[in-house]
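Please open the model in your viewer and keep the selection panel at hand.

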Amino acid sequence: MEEVCEGKDFSFPSHEEKIITFWSEIKAFDTQLERTKDLPEYVFYDGPPFATGLPHYGHILAGTIKDIVTRYQTMTGHHVTRRFGWDCHGLPVENEIDKKLGIKRRDEVLKMGIDKYNEECRGIVTRYVEEWEKVVVRVGRWIDFKNDYKTMDLKFMESVWWVFGKLFEKGLVYQGFKVMPYSTGCKTVLSNFEVQQNYKDVPDPEIMVSFPIVDDPHNASFVAWTTTPWTLPSNLALCVNGNFDYIKVRNKYTGKVYVVAECRLSALPIEKTKSTASGSAGDSKVSNSRTKSGKAENLMDSYDLLEKVKGNELVNKKYEPLFNYFMEFSDTAFRVVADDYVTDDSGTGIVHCAPAFGEEDYRVCIENQILNKVVVICEADSFSYLENLIVAVDEDGCFIGKITDFSGRYVKDADKDIIEAVKANGRLVKSGSFMHSYPFCWRSDTPLIYRAVPSWFIRVEELKEQLLENNKQTYWVPDYVKEKRFHNWLENARDWAVSRSRFWGTPLPVWISDDGEEVIVMDSIAKLEKLSGVKVFDLHRHNIDHITIPSSRGPEFGVLRRVEDVFDCWFESGSMPYAYIHYPFENVELFEKNFPGHFVAEGLDQTRGWFYTLMVLSTALFGKPAFRNLICNGLVLAEDGKKMSKSLKNYPSPMDVINDYGADALRLYLINSPVVRAETLRFKKEGVFNVVKDVFLPWYNAYRFLVQNAKRLEIEGLAPFTPIDSATPQDSSNVLDQWINSATQSLVHFVRQEMNAYRLYTVVPYLLKFLDNLTNIYVRFNRKRLKGRTGEEDCRTALSTLYNVVEVLVVSLPAFDSASFVSDALHVPNNFAFKLIVLLISCKVMAPFTPFFSEGLYQNLRRVCTGSEESIHYCSFPQVEGERDERIEQSVARMMTIIDLARNIRERHNKPLKSPLREMIIVHPDVDFLDDIAGKLKEYVLEELNVRSLVPCNNTLKYASLRAEPEFSVLGKRLGKSMGVVAKEVKAMSQKDILEFEEAGEVTVASHCLKLSDIKVVREFKRPDGLSDKEVDAAGDGDVLVILDLRLDESLYEAGVAREVVNRIQKLRKKVGLEPTDAVEVYFESLDEDKSISQLVLNSQELYIRDAIGSPLLSSALMPPHALPLTCRLNHPKPFACRTRSFFKEPLVSGNTKSAHGLETFLLSRDHSNLKSEFQLGDGKITVETIEGLPSVNVVLGEHVFLTVGDSILRRKSG
């Protein structure tokens, strides 16, 4: 077998690259799909990303979650189609082209030509496809790129038309003006959920404006407050709250008369004459309504109250327009209306209404007939049009020509000039600025405005109750996202504007006659071709806008033309479950048997995006949710907590991280973080490194230890390793074999349970804990067995166990170096068999999570099995086999707790492990556990802690006093006000009460039944009389109490020295880079004046030392002249490490010194391991016939020659 390099020399990234090549050579993904094609279908919907940007950590996270779940489902007996998708239409693409071509206005696109513009868009859609595929493949995700779907494909777009056509048939589509969030940068409306994506804190102006009341006897003015001065030129009404009290007040110093809500009087400025303000008569001076002390002044000292009326009494009062741009509306506009949307928490209690730029403004103006609405009946729906609404701002956010003073000006830029115009007209009451959170376009990063636009809508509000009911039928992880965030969003759902006045998208399939009397919605290409007589090859605007349809009413009614709008790209992505398989034109049976889909996964932001559109369309079409199970991940932020930004360069490149540490490490880092529970993750490259250090290197080292010992058996000439039947290790009498087998079955049971519940965040910690136990308990405590020190048969049992456990884990962790394991793990013995079984099972469990490392391990492990699958990803997920032994699992867990507690005591008293201690006492009420710890687990505890004896004690009161503490975190919410009484009684429980409670498992306190989880029992050490804490000390965890006797004992001195000698020898081996399979002899030389002291110690501890280092520790006086020293250490005692050489007992050729010397030289020149193998094959004899001039010679092992000096010494001692 080839050597296995040390962990520090092993490159995980380079080995992952080899696994990718291996997968490619065997067409692993295609083969897996082919092998599972007849299994039950598991439908997974992959949300399409835009290909106009490179993948980031958010994409890698979501992709990893999807890959883990779909790999697991494949291993549990499903066929899982995985097709990558691309979102090709919409603002992201158009925005890129606008920047590329310098397009700023809509008319520039029309001048260029929609055909040229759209082809420019098509040209960049797949710009980064290769980069995406490179990253996705490198991360280890199996998904089909060759058979991908694109939202710009003809078949996909046709299914989108079908979706819209069905909604139209159901009466869920209408067209009308609606005030919507509008991006002037992208020149289109945005959906409500798009608005939520980019809020910023920005300063905006706030002003109060006066509106003189027509024919008022006091020449009073209404005062309205606004933060959007650019909307003032479009003012058509003022709105009050009919239930509020309004007052008319006159300023005592200026004589101005204002009308405001009584509760908002404090918002008015205080105006005083200069004589009042500075001691001289003259003009008025405006001051804030609050003094420097922060207390509001008594405004009635500045104002006289003239009238007080209810808001309803002000309705229909006319006022003088601020501007004269809309004087044609004078008959119905420039009057007061009332509505409850007016609040008393800001402003003046009077709202200025510009119906084209405010959702509530628009509504109240329609309801109060300030604007007229006509209704046109069209087939399946009725369409609302506003006959006289004038939108004074164009698609680019600039004032139209009607607003003569500001024509062509961008609205936000015109704010200052509008304020100056208001001031010049004497209508400015107050001005200032304030900071507030304001929405910006998520693509162009320009401030949004609200603007009335003609749009096509889906009646989502009518579906609200059904949406909420369908949400209950879905399963989310974590569930609070479903129950709170998504539920609340559905509960406040608005009608969805699905049309966009843009160019690159799926065109709305609506053809309307010039008079609006005839409407046809296309739900298929065939229908369009039939009605138009035109063959259709592409559905984009420039290929169908010219197509007309003759009127069914006759030639005199002309033709029907397509409306200009295209679909919101969210409508396309929401149609994905149908469109990606071209339903209902193809795959009808596949869809109808498997809808709703089984699984989706995306980020938290998609609760108002893709998850929402999926739910709306499936509910509208089929009355069902679109999916059954959903995993929602949180956001990945930069290390500083900010959003990852290319311009800020505040995060490392994903490919750099993968090239440094490997994709498996990145996958585990992301999955084993709060982000899988929909929380945020501050990405740290150091965190990925820690996964390598804390997970993969220990795992690799356990594997390396296995291979090294397998190689040792091969070198020793034993039979090649073949793992024994898994039932044999399960029947092993060794307690750690029993434990690891049970722990492995518990692992399989837990992972299956949690993966079926999509709780990835619970699975990974459990897997990592299992790996930690595998390396730090099973391998660590079984080193003697695995090294063959307890006999070949026992060794083979342990190795077979470990083999099976690794096999389970492999079906869920990363890839390993197939080249090294293929040659290294082929032949190993029976204690090895146990170890290999453990490793093999563990690999299968880990395969979905870390596919590379698992594959590499598996490729090596499978070489010792017949009939194994070609790839681990073709294997079935392990089943629970045999019974789990919960008692032994708990006992071993408590054993590790005991070891940790004892180590803590040693550390507190500066007692290193090399110093042996006389006794330890384990206190616990569970007799079964004490039997285990004092019986089959005893040797591990004593050896690990270097203690000579272990005493169990089930009398918990002998060494400890008990007290009870209530678990406030558990009981607080449950008990409420009763908590105080219960806590008092729990703390007053006697030791007898506590013991009875522990035995019964429950107790009634103040009429409340409390369980074991409700009360914490604290055990405090009660030191024996006459002993200090330096002589005896203890540590406990509330469950078990460990007591150590720390007193010195001269009888333990020799054992301490022996342990130190072994420690130094092992360090020497490591220093010179020796492998466990390297045979060396160890000699020592005492540096004491009285050399008998060292000799006495080494003689008394001979068996321990020989067992620990695998060979006798020899006196330097026995070192033969042909020995080759490798290293030595100038300490007491002074050990030497020498290469193992043959040692000759008698002359090999009697009477011929020269011939004997030649034969000895020949034997010394032979490779030691090969020579050993030849002796084993010859039953301790070999015949040498190859030396020129000498007859053949029979050489007998143990008679003429020894393979080591140690063998010679041991033979001599045995007589």
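Contact here means heavy atoms within 4.5 Å. The model on display is a predicted one.

**First stop: the nonpolar cores**

Select Met895 and display its surroundings. Leaving aside neighbours within four places in sequence, methionine 895 is in contact with Phe781, Phe929, Ile933, Leu937, Tyr940 and Val941. Now widen the selection to the largest nonpolar core, which has 118 residues. Met895 is among the residues with the most contacts inside this core, together with Phe683 and Met920. Colour helix α26, residues 760-781, next: this helix gives the most to the core, with 11 residues. Apart from that core lies another, of 74 residues; to find it, select Val163, Leu467, Ile544 and Tyr583, which are among its members. In soluble globular proteins, nonpolar side chains tend to be buried together.

**Second stop: two helix pairs**

Select helix α4 (residues 91-101) and helix α6 (residues 114-125). Their axes are 9 Å apart, and the helices pack at an angle of about 110°. An angle of 65 to 115 degrees counts as roughly perpendicular, and α4 is therefore roughly perpendicular to α6. To see the contact, show Val93, Glu94, Glu96, Ile97, Asp98, Lys100 and Leu101 on α4, and Tyr117, Glu120, Cys121, Ile124 and Val125 on α6. By class, the contact of α4 with α6 has 7 nonpolar and 5 charged residues, and no polar ones.

Move to helix α1 (residues 12-26) and helix α32 (residues 851-861), which pack at about 75° with their axes 9 Å apart. α1 and α32 are therefore also roughly perpendicular to each other. From α1, the contact is made by Phe12, Glu16, Ile19, Ile20, Phe22 and Trp23; from α32, by Pro851, Phe852, Phe853, Glu855, Gly856 and Gln859. The residues of the contact of α1 with α32 divide into 8 nonpolar, 2 polar and 2 charged.

Centre the view on Lys649, in the loop between β29 (636-637) and α21 (654-661). Is lysine 649 buried or exposed? Its relative accessible area is 72%, and lysine 649 is therefore exposed.

**Last stop: cysteines**

Select Cys398, which is buried, with a relative accessible area of 9%. Cysteine 953, at 9% relative accessibility, likewise counts as buried. With a disulfide taken as a pair of cysteine sulfur atoms within 2.5 Å, the count comes to 0 disulfides.

Technical notes. Residues are numbered from 1 along each chain as its sequence is written. This is a predicted model: local features need pLDDT of at least 70, side-chain atom pairs count only at pLDDT 80 or more; totals for chains, interfaces and linings use all residues. Side-chain values use heavy atoms; hydrogens and water are left out. A nonpolar core is a set of buried Ala, Val, Leu, Ile, Met, Phe, Trp, Tyr and Cys residues joined through side-chain atoms within 4.5 Å. Buried means under 20% relative accessible area, exposed over 50%, partly exposed in between (1.4 Å probe, protein chains only). Helices (H or I, at least four residues) and strands (E, at least two) are DSSP runs, numbered from the N terminus. Axes are lines fitted to C-alpha atoms, for helices over the stretch in contact, and angles run from 0 to 180 degrees between N-to-C directions. Angles under 35 degrees count as roughly parallel, over 145 as roughly antiparallel, 65 to 115 as roughly perpendicular and the rest as oblique. Ala, Val, Leu, Ile, Met, Phe, Trp, Tyr, Cys and Pro count as nonpolar, Asp, Glu, Lys and Arg as charged, and the others, Gly among them, as polar.
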